[in-house]
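User: I'm new to this one. Can you walk me through it?

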Amino acid sequence: MPPCYTTAVSRAVILAAGNGDRFQGPASRSKLLAPVAGTPLLLRTLTSVRLAGLTHVHLILGFDADRVRTVAMAGAPEGLTLGFCVNENWQQENGVSVLAARDELDGQSFALLMGDHLFESQTLRDLLTSPRFQGETLLAIDRQPATPEMAAEATKVRLSGAHVTAIGKTLDPYDAFDTGLFICHSSIFDALDQSRADGDTTLSGGIARLAAKRLVRGVDVGHARWFDIDTVDDLAAAERLLRPAWGL
């Protein structure tokens, strides 16, 4: 086993290209612009990234790109530098959006986040400070019990010790939930290319290929609060539960 090490990660890729077709907001508007306690969901994500200590974000745009870019530039927290990549094929699965950032990372490891996930900054900070082995990708996982409704919608992982061995929404049995927070080694891009060549354009397809090489390790963050915002009801529930943490 190669020596364990932690290198500083300063950059994040945030996926913000999808149209959120299950979210019952204006049909022409990205759900990432929906307000959460008065602040757009996207800006909540950007603020959590900055509070976790990251300084650069590459935002992947697609659907409603102009408005998403405008809101991000106007409301990004101080000290956070924004860059933008456009995924012209945003109707495809999220692995294609990750590939849109490849040229911007120059072989560096990076945090990868879903723009429609709400999370506390400490969760990302914990992941950023977790030790990694050479070539390894980390995935924040949640082992806590969940309602049948949440379990049905969530991406799940199967584990061997701490290593992820399988990932997918329909996985059964499973050991934990995928929270959508990653620290990715640059090998994710070749894995996503291979997955796309085989007809699978999901991020999970690329992660599964790395997992087959024992290059994906789960980091349990089940003590934290995080929310995958697919619907208006998800947004309302997350806001109710996170208000105390925000001091609102």
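Analyst: One term before the strands: two strands pair if DSSP finds at least two bridges between them. Helices (H or I, at least four residues) and strands (E, at least two) are DSSP runs, numbered from the N terminus. This is a predicted model, where local features need pLDDT of at least 70, side-chain atom pairs count only at pLDDT 80 or more, and totals for chains, interfaces and linings use all residues. Residues are numbered from 1 along each chain as its sequence is written, and side-chain values use heavy atoms, with hydrogens and water left out.

User: What is the mean pLDDT of the protein?

Analyst: The mean is 89, and 91% of the residues reach 70 or more. pLDDT is the predictor's confidence in each residue, from 0 to 100.

User: Which elements have the lowest and highest mean pLDDT?

Analyst: Strand 1 (residues 4–5) has the lowest, at 60, and strand 5 (residues 56–61) has the highest, at 98.

User: How do strands 10 and 11 pair with strand 13?

Analyst: Strand 10 (residues 137–142) pairs with strand 13 in the antiparallel sense over four bridges. Strand 11 (residues 156–160) also pairs with strand 13 in the antiparallel sense, over two bridges. Phe177 in strand 13 is the bridge partner of Asp142 and also of Lys156.

User: Why is strand 13 largely enclosed?

Analyst: Nine of the nine residues of strand 13 (residues 176–184) are buried, so the rest of the structure largely encloses this strand. Buried means under 20% relative accessible area, exposed over 50%, and partly exposed in between (1.4 Å probe, protein chains only).

User: New topic: how many disulfides?

Analyst: The count is zero, where a disulfide is a pair of cysteine sulfur atoms within 2.5 Å. For Cys85, the nearest cysteine sulfur is that of Cys184, 14 Å away.

User: Are those two cysteines buried or exposed?

Analyst: Cys85 is buried, at 6% relative accessibility. Cys184 is buried too, with a relative accessible area of 1%.

User: Last one. Where is Gly218, and what does Gly218 touch?

Analyst: Gly218 lies in strand 14 (residues 216–220) and counts as buried at 11% relative accessibility. Leaving out residues up to four places away in sequence, Gly218 touches Leu139, Ile141, Ala162 and Val164. Contact here means heavy atoms within 4.5 Å.
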